Each structure stands twice: as structure tokens, then as C-alpha cells.
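Me: Could you walk me through this model, starting with how the helices pack and then moving on to the sheet?

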Amino acid sequence: MSDRLLEMDENVTQTGPKGVINDWRRFKLESMDQETLPPAKRELLRQMSTPGKANDRGNLNRKMSVQEYELLKEEDEGCLKKYRKQCMQDLHNKMSFGPKFECVHDLDSGEAFLEVIEKEHHSTMVVVHIYKVGVKGCEELNNCLDCLASEYPTVKFCRIDAVASGASERFSDEVLPAMLVYKAGELLGNFLACVQHLNEEFFATDVEAFLNSYGLLPEKELPNMDEEEGNDVE
């Protein structure tokens, strides 16, 4: 039983200052090029980051010599930067509630329109674009929402043809394109002929700014860590 508990303890991420330090050491060891790492440095990091046996725990908790400290300090800045990014991404993932969508959903009927409003997760913001082919601004707005759907994956962007909605009399050409915004079944935004609030030539960033001005978009997802690291390379 004690051996089993020891094994479980080794696989669990530790908390507290000592746990954070050990996690950092483990990340450093895993992120470094093992082929080019000096044997002495590789062995020291291994002992300090992944104590696999009880007699290795003394190595983990003992004080480092000046020589060992200097050995570990090399290249720490770049590795620490990656570690911080990883921690931020992990924290963000843990705090992201609700489903993810990442694309615009096409609704084909009034029933589908009502269902997405009434049955979607209570934490999900639902943006519905009511459009009609040939009406000025509808196609452009569809393209903008395609872009925003990938940038705001927790928002459910939908579109429906005014005729298919069964409410074409209410949504005449004069009030299109229209954007309706719901959350937990409640209408938060009702924007008719919404392109009137935008420049004649508008882009996804303009639609984003418009919705943000009413507080109808959440904070953006953190950028992918691999992409961000690529941008850091000069």
C-alpha cells in the first residue's frame, strides 16, 4: 500500500511554493534539448525534477552548491518565459466554462432558431444574424462573423435566412441585416439594419468593436502558445 501511495504522489502535480519549483524544474528538463545538454546538467535536472525513488528525495531537497546553481542558471530566461506562457494557458483553460463552437451555425427554420435561443447553455452568448441574399451588407456581415467565430469560440454565432425563419414580414429588406444577441434565453441586443452603424466598407474588427461597445462579447481567447512563441523569434 505504501509503495502505491508513493507512486501516486509522484504523478500528482504538487501545490505550494515547493510544488511550483518542482514543476518548473520538470518543465525545464522536458523543454531542453537532451542531445546537446551536458551529462552533468542533465543528471542534476533529472534528480531535481523527477524523483522516482525514495532515496532520490534527499537529492531533491538538499541545498545546491554554487557550481550547481551556476549550471542550472544558464538559459533560464528563455525557458522561464515558456513556462510562464504554459502556466497562463493552463489557467485560462481551467477558467473557460461552457461549450466551444468556433464556426457559424446555419439555422434552417424558425424552430431551429427558437431551439438555439432556449436550449443553449446558460453561460453562452448567442449572436444570430438574420439575412437575405441580395440585401446590401448581408454577405459582408456573414464573412465578418466567420472571422469572429474563430476568435470567440465560446460565443455561438448563427445565421438564418429571413424567409426560412418564418418571420419574413417582420424582417423585411429595410431592416436587414439584423443581429439579435441572446444569453440564457434573454434578448440582450436587437440591432436592425445594423450596417447603418458601420462604415460603408466594414470588416470583422468593426463588427467586433460594435458588439464590444455594448459589452456583448467576452474577453478574447489567449493566443495559441506555439503561435506566440513563433512570433517571438526574430
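**Helix packing and the sheet**

Reply: The axes of α8 and α9 come within 8 Å and cross at roughly 70 degrees, which makes α8 roughly perpendicular to α9 (65 to 115 degrees counts as such). Axes are lines fitted to C-alpha atoms, for helices over the stretch in contact, and angles run from 0 to 180 degrees between N-to-C directions. This is a predicted model, in which local features need pLDDT of at least 70, side-chain atom pairs count only at pLDDT 80 or more, and totals for chains, interfaces and linings use all residues. Residues are numbered from 1 along each chain as its sequence is written, and side-chain values use heavy atoms, with hydrogens and water left out.

Me: Which residues of α8 and α9 make the contact?
Reply: From α8 there are L141, C144, L145, C147, L148 and E151, and from α9 there are A204, V207 and E208, where contact means heavy atoms within 4.5 Å. By class, this contact has seven nonpolar, no polar and two charged residues, with Ala, Val, Leu, Ile, Met, Phe, Trp, Tyr, Cys and Pro counted as nonpolar, Asp, Glu, Lys and Arg as charged, and the others, Gly among them, as polar.

Me: And which residues of α9 are buried?
Reply: In α9 (residues 204–213) the buried residues are A204, V207, E208, F210 and L211, buried meaning under 20% relative accessible area and exposed over 50%, with partly exposed in between (1.4 Å probe, protein chains only). They cover an arc of only 160 degrees around the axis, which puts them on the same side of α9; the arc is that of the directions from the helix axis to the C-beta atoms. The exposed residues T205 and S213 sit on the face turned away from that buried side.

Me: What do the buried residues of α9 pack against?
Reply: They pack against α8, β4 and β5; helices (H or I, at least four residues) and strands (E, at least two) are DSSP runs, numbered from the N terminus.

Me: Switching to the sheet, what is the strand order?
Reply: The sheet is open, with five strands in the order β1-β3-β2-β4-β5 and mixed pairing, two strands being paired if DSSP finds at least two bridges between them. Because β1 (105–107) and β5 (186–191) stand at the edges with a single partner strand each, one side of each is left without a neighbour in the sheet.

Me: How many bridges join β2 to β4?
Reply: Six bridges join β2 (residues 125–131) to β4 (residues 178–183), and these strands run antiparallel.

Key: Parallel < 35°, antiparallel > 145°, perpendicular 65-115°, else oblique.
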